[in-house]
There are 2 protein chains.
Amino acid sequence: MTDVAVAGGGLIGLAVAWRAARRGLSVTVVDDAPGTGASAAAAGMLAPVTEAGYREEPLLRLGLDSLARWPAFAAELEATAGTPVGLRTVGTLVAGFDEDDVRELDALHAFQRELGLAAHRLTPREARRREPALSTRVRGGLLVEGDHSVDGRAVHAALLAAGQATGVVLVRDRVAEVVADGGRAAGLRLASGDVVAAGATVLALGARSADVPGVPPLPVRPVKGQILRLAGAAGLLEGTVRALVRGRHVYLVPYAGDRLVVGATSEDRGFDPRVTAGGVHDLLHDAIDVVPEVSELELTETLARWRPGTPDNAPLLGPSSLPGLVLATGHHRNGVLLTPVTAEAVAELLAGGTLPEVAVSFGADRFESEPIGRTQWS
Amino acid sequence: MTDVAVAGGGLIGLAVAWRAARRGLSVTVVDDAPGTGASAAAAGMLAPVTEAGYREEPLLRLGLDSLARWPAFAAELEATAGTPVGLRTVGTLVAGFDEDDVRELDALHAFQRELGLAAHRLTPREARRREPALSTRVRGGLLVEGDHSVDGRAVHAALLAAGQATGVVLVRDRVAEVVADGGRAAGLRLASGDVVAAGATVLALGARSADVPGVPPLPVRPVKGQILRLAGAAGLLEGTVRALVRGRHVYLVPYAGDRLVVGATSEDRGFDPRVTAGGVHDLLHDAIDVVPEVSELELTETLARWRPGTPDNAPLLGPSSLPGLVLATGHHRNGVLLTPVTAEAVAELLAGGTLPEVAVSFGADRFESEPIGRTQWS
């Protein structure tokens with residue numbers, strides 16, 4: 001019997017486990033292949049402001065709250081794990097490729113100012129002063145000093161080490177079922193048949209969260225993303241470059257010395273695992289349009305994974321309709337950004353019995369007025 | 001002591017070994033990783049006619065000779081190995097994407113007719129009747145019924161099996177040196193230090209042929225090619241589609257059920273092993289322009305290898321300036337096509353002492369009137 005059983009050893013599951021263990025709870029995480037889901041694909045942007053134009057305000061506030069937690073979270077994580085997580089605090093530049101793209105930048109900028117967010121419009125020349133590798137075809141930019149990035153895989157590795165150092169038990173098996181006893185979640189059944197009995201059970205299975213037997217209906221669907229990793233980019237970019245290229249979004253996130261992540265497609269194709277010719281083409285085409293030298297980089301990895309999408313693109317945090325089952329899923333495009341606030345809010349709920357104010361409006365019950373069904377979210 | 005030591009276990013080395021063994025010679029092939037060089041990347045086109053516009057006539061004649069040998073070669077290889085090699089004899093279509101591309105097709109067609117080669121100009125509608133997956137943007141076509149294809153990796157696997165069945169010995173080690181004794185090649189020294197002593201030594205190391213200690217100077221240089229493999233293409237194409245797309249060449253070769261090879265870049269970058277963003281982008285971009293449905297295919301493999309280039313793009317066959325060292329290298333873009341004629345000509349030289357007429361003009365001595373140096377060929 002453990003205090004907490006966590007289903008899922010991605011960034012969210014491990015971070016919840018670590019923070020809960022820090023509060024003195026005994027925690028067991030179950031995952032047959034920790035860190036090989038969406039966590040393996042995440043670019044690591046900590047970018048609530050540059051995402052703001054396309055998101056609702058409550059999610060923006062949650063993102064800003066989590067962004068503010070990142071420096072301390074990263075520092076404690078690095079100290080406990082003994083390995084770096086690659087937090088970069090140099091800001092993010094958004095480039096507009098053609099006139100229509102720049103008009104969309106202006107709309108984003110207006111929205112950001114309305115919300116009181118710090119962002120500066122740049123001329124093409126100012127944009128290239130900040131990022132000299134930008135194509136001369138770029139027509140305008142927007143600099144957001146506060147949007148940062150982290151190395152998602154390094155964070156995952158550090159969370160594994162920090163969990164171990166803090167007494168978290170990792171069971172490498174597949175979660176087969178959430179076990180209920182007397183109408184209350186009582187732990188996890190594994191593929192091996194073993195049961196991890198627990199006082200509280202946390203669901204952190206990302207895009208698979210709604211597919212586990214024993215879990216009540218949840219509005220989580222897979223949103224496929226294809227992403228590329230390249231090498232040879234040392235010194236190419238100052239910080240993250242996001243861009244609108246003929247109406248399409250692309251981002252380039254430098255990390256770990258000479259590495260660069262280019263992402264990401266967003267596709268409603270269920271659990272389609274294929275890296276496609278069209279997905280890779282579009283990412284490369286747009287990235288090369290914005291930063292021509294990308295053409296010379298080595299393409300080291302192509303990957304397709306699934307984000308856990310929800311009807312309003314915001315996560316599902318806190319109690320579920322099954323007592324004892326706590327949700328930490330549905331993070332869609334913001335899993336890395338929202339890791340600290342998710343972990344700390346859920347750990348507070350587990351240890352203290354109350355979900356902190358910041359997370360209260362992200363319960364799964366916010367969808368209960370509308371019927372949850374295929375017409376709403378799949 | 002073996003009759004023949006072959007340096008290199010790619011398509012050429014294994015085919016020479018098999019044919020020499022069939023003539024009763026004892027043969028040892030040395031390669032630390034057989035089939036992982038250019039043979040792994042080859043698309044398998046048997047296409048001397050559609051290559052003809054960009055090649056010299058002697059090479060064309062050699063290619064036509066080898067093409068004529070392919071059906072019997074494939075049949076005997078399949079019978080000996082017990083595995084298929086995927087010979088497709090449905091012809092090749094060349095598509096012209098824009099008006100300039102079609103003008104180049106017309107020039108190619110004129111050249112083919114001048115040489116008495118069978119090729120038919122197609123209207124866009126005729127081209128799409130042959131290949132309904134072609135983009136409606138394609139402006140013209142050229143059908144060459146006689147240009148075929150084979151599955152290069154299946155050929156390599158079959159040659160391994162056929163060699164084994166015919167008594168060829170395969171030593172999995174790296175060739176460290178061609179050993180000479182009294183001014184004559186006497187076999188191969190391996191990385192382990194062992195020596196394979198042989199009456200005759202065959203050099204079939206592809207792009208690495210000129211880099212082996214003990215080999216006399218040879219005008220062979222690496223010509224980098226990047227190539228893609230895709231899945232999900234069952235029924236997409238009738239046969240090979242080559243295309244000129246805004247002056248760039250691309251080809252799409254269907255093989256093995258639902259597979260498709262898209263190739264290939266041609267880059268003078270020495271032994272640069274990197275798959276680059278620009279290389280992959282250009283191949284995908286052109287392939288999708290010509291056959292839009294390629295966009296939906298799964299990208300299963302990206303690869304960079306080096307063709308053995310020569311000053312006139314034709315192979316080096318037969319005696320070298322070092323007595324006892326026989327050349328079977330320099331096949332550039334035509335390794336798969338030229339495998340039968342190379343294997344049979346070199347085996348005839350090894351077993352009977354005379355290089356057949358068809359191969360005589362491809363000796364390395366054809367370059368001796370010009371000094372071999374960087375200005376000529378690197």
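Let's start with how the two copies meet: 100% of the interface residues of chain A are also interface residues in chain B, so the copies meet through the same surface, with contact meaning heavy atoms within 4.5 Å. Please keep in mind that this is a predicted model, where local features need pLDDT of at least 70, side-chain atom pairs count only at pLDDT 80 or more, and totals for chains, interfaces and linings use all residues. Residues are numbered from 1 along each chain as its sequence is written, chains are lettered from A and ligands numbered from 1 in written order, and side-chain values use heavy atoms, without hydrogens and water.

Next, helix H8 of chain B, residues 277-290, a DSSP run (H or I, at least four residues; strands are E, at least two). Of its 14 residues, 13 are buried, that is, under 20% relative accessible area, with exposed over 50% and partly exposed in between (1.4 Å probe, protein chains only).

And what does Asp289(B) meet in a salt bridge? Its partner is Arg246(B), at 2.2 Å, N to O; the cut-off is a Lys or Arg side-chain nitrogen within 4 Å of an Asp or Glu carboxyl oxygen. Asp289(B) counts as buried at 11%, while Arg246(B) is partly exposed at 43%.

Terms used. Expected span 1.5 Å × (residues − 1).
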